[in-house]
Amino acid sequence: MSDAATDHADHGHPVHPTGIMRWLTTTNHKDIGTMYLWFALIMLFSAGTMALLIRAELFHPGLQLMRPDFFNQLTTMHGLIMIFGAIMPAFTGFANWQIPLMLGAPDMAFPRMNNWSFWLLPVAGVMLLGSFWLPGGAVAGGWTMYPPLFIQGGVSYDLTILAIHIMGLSSIMGSINIITTILNMRAPGLTLMKMPLFCWTWLITAYLLIATMPVLAGAVTMLLTDRNFGTHFFNAAGGGDPVMFQHIFWFFGHPEVYILILPAFGIVSQIIPTFARKPLFGYASMVYATASIAILSFIVWAHHMFAVGLPVAAQLFFMFSTMLIAVPTGVKVFNWVATMWKGSLTFETPMLFAIAFVCLFTIGGFSGLVLAMAPVDIQLQDTYYVVAHFHYVLVSGALFAIFAGIYFWLPKWTGHMYNETLGKIHFWFSVVGMNIVFFPMHFLGLAGMPRRIPDYALQFTQFNQIASVGAYIFGFSQLIFVAVVLKAIRGGAKAPDRVWEGAEGLEWTVPSPAPYHTFETAPVVK
């Protein structure tokens with residue numbers, strides 16, 4: 001420590017590290033939220049590049065650019081990195097930034113654990129990406145890691161299991177932090193039923209993560225022992241059952257789908273009332289619908305497994321329970337539309353993304369309802385119809401909500417307004433590109449084109465070419481998004497105190513007014 005720093009410390013003032021040490025050691029929820037968001041952006045572009053390589057290969061039938069095993073590695077890593085490296089960390093970044101501000105809390109409950117839970121992620125991300133350069137290449141068995149394929153791979157498969165463990169640990173620690181913060185650190189008078197809906201969706205999501213991540217850890221640990229220690233959990237030759245892995249995996253995997261979308265519901269529930277200049281319609285029903293979705297998500301896992309030979313009674317149970325989960329989701333869509341009904345709507349970029357979310361996510365919901373029907377799903381299982389379904393949920397759902405949230409809160413985060421024209425250009429290119437790439441996949445799936453293949457029959461050529469063009473429109477339009485964000489960080493028009501004029505404080509909490517100290521350190525209550 002320099003003499004000046006020593007003098008400074010002697011006078012009772014803490015010494016704050018600067019440069020790289022500031023980011024390595026920070027316990028500030030805003031810094032950690034920022035790092036989560038930047039990490040998610042890097043992972044989004046990494047996995048997005050893989051998607052563009054996949055679509056380039058599929059532009060023509062036959063093999064053009066890569067070996068089939070490398071194609072399969074790309075599909076696996078695209079899925080794993082998008083889910084665990086891009087979408088989940090982005091929502092955790094929002095939670096870190098917004099939850100203390102919305103609750104009037106000085107910081108997260110466990111600031112040091114918060115730092116640790118972030119810094120585990122880049123380690124796991126490097127492990128996943130680094131597996132491409134190991135003997136045998138990255139995992140080629142799909143992001144779901146089904147045995148027996150997963151039992152036969154090289155050392156990169158073990159590295160992938162370790163990376164998933166580390167990411168799961170990060171998620172569990174982040175969830176403990178969020179739950180403790182929400183339950184214990186709210187401003188005086190801010191009851192649970194007055195909380196902003198974003199806090200509610202994250203509270204429920206955090207419980208889902210704590211309940212399901214250990215299940216995934218158990219599944220991949222059994223895979224690890226099957227691979228390296230001679231156990232036979234999933235090896236039929238030794239008396240094991242590969243289908244058991246699917247049961248365990250999807251008991252994690254289906255709640256995971258809602259972990260990826262519930263925070264998006266929260267963001268959209270903050271944005272729509274702001275730009276409609278109305279309180280959110282049916283606040284209590286939104287809270288109960290969110291909780292219902294979370295509870296029901298635990299009893300529908302085997303709808304991913306209709307093709308494995310389930311008994312008819314099980315097929316019926318999972319079919320009807322899956323259809324039931326559409327009810328609380330429909331309540332949410334109704335409430336968003338009712339909030340906009342007869343409101344004084346304006347259409348800034350966050351609102352455009354929120355409206356696109358409601359419309360396009362609903363399409364994903366309807367195709368999910370189609371796949372909920374066992375006889376239909378048996379025909380469409382592992383076709384491009386399924387790919388279209390979950391991309392409508394996760395791209396126009398989760399990713400569009402992330403874009404909406406960033407445009408919505410960026411002026412508060414940076415102190416500068418973003419460029420509205422560029423934001424709208426980014427929106428239109430994203431919406432058009434997204435629909436061009438994923439809508440034709442419904443037709444490919446209905447016509448019988450299987451997913452995860454590098455080659456296909458000639459009759460699928462035209463729709464694949466349309467989809468590939470859409471992928472490049474969508475992919476390259478994200479460079480506009482990066483330009484908008486960097487421009488806002490570096491300067492621009494100064495953001496006013498009330499960014500979205502006329503929103504009457506609704507951008508912070510609905511229906512109760514915001515605590516007066518929303519953007520300051522909360523006063524200590526003795």
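Mentor: A residue is called buried under 20% relative accessible area, exposed over 50%, and partly exposed in between. The model here is predicted.

Trainee: Which class does C359 fall into, buried, partly exposed or exposed?

Mentor: C359 has a relative accessible area of 45%, so this cysteine is partly exposed. C199 is buried, because its relative accessibility is 0%.

Trainee: How many disulfides are there?

Mentor: A disulfide is a covalent bond between the sulfur atoms of two cysteines. The count for this model is 0.

Trainee: How far apart are the end C-alpha atoms of helix α11?

Mentor: Take 1.5 Å a residue as the rule. Helix α11 has 15 residues, 326–340, and should therefore span 21 Å; its end C-alpha atoms are 21 Å apart, which agrees. Just after α11, K342 has a positive phi of about 60°.

Trainee: Which residues of α11 are buried?

Mentor: An α-helix has 3.6 residues a turn, so residues three or four places apart point the same way. In α11 the buried residues are P328, T329, K332, V333, N335, W336, A338, T339 and M340. Their cover includes α8 (242–276), α9 (283–296), α10 (312–324) and α12 (349–372).

Trainee: Which residues touch the most other members of the largest nonpolar core?

Mentor: In soluble globular proteins, nonpolar side chains tend to be buried together. The largest nonpolar core here has 165 residues, and F94, W336, F357 and F400 touch the most other members. Helix α4 (residues 68–103) gives the most to this core, 20 residues.

Trainee: What is F357 in contact with, beyond its neighbours within four places in sequence?

Mentor: Its contacts include I261, A264, F265, V268 and W336. Others among them are T362, S396, G397 and A401.

Key: Residues are numbered from 1 along each chain as its sequence is written. This is a predicted model: local features need pLDDT of at least 70, side-chain atom pairs count only at pLDDT 80 or more; totals for chains, interfaces and linings use all residues. Side-chain values use heavy atoms; hydrogens and water are left out. Helices (H or I, at least four residues) and strands (E, at least two) are DSSP runs, numbered from the N terminus. The expected span of a helix is 1.5 Å times one less than its number of residues. Buried means under 20% relative accessible area, exposed over 50%, partly exposed in between (1.4 Å probe, protein chains only). Contact means heavy atoms within 4.5 Å. A disulfide is a pair of cysteine sulfur atoms within 2.5 Å. A nonpolar core is a set of buried Ala, Val, Leu, Ile, Met, Phe, Trp, Tyr and Cys residues joined through side-chain atoms within 4.5 Å.
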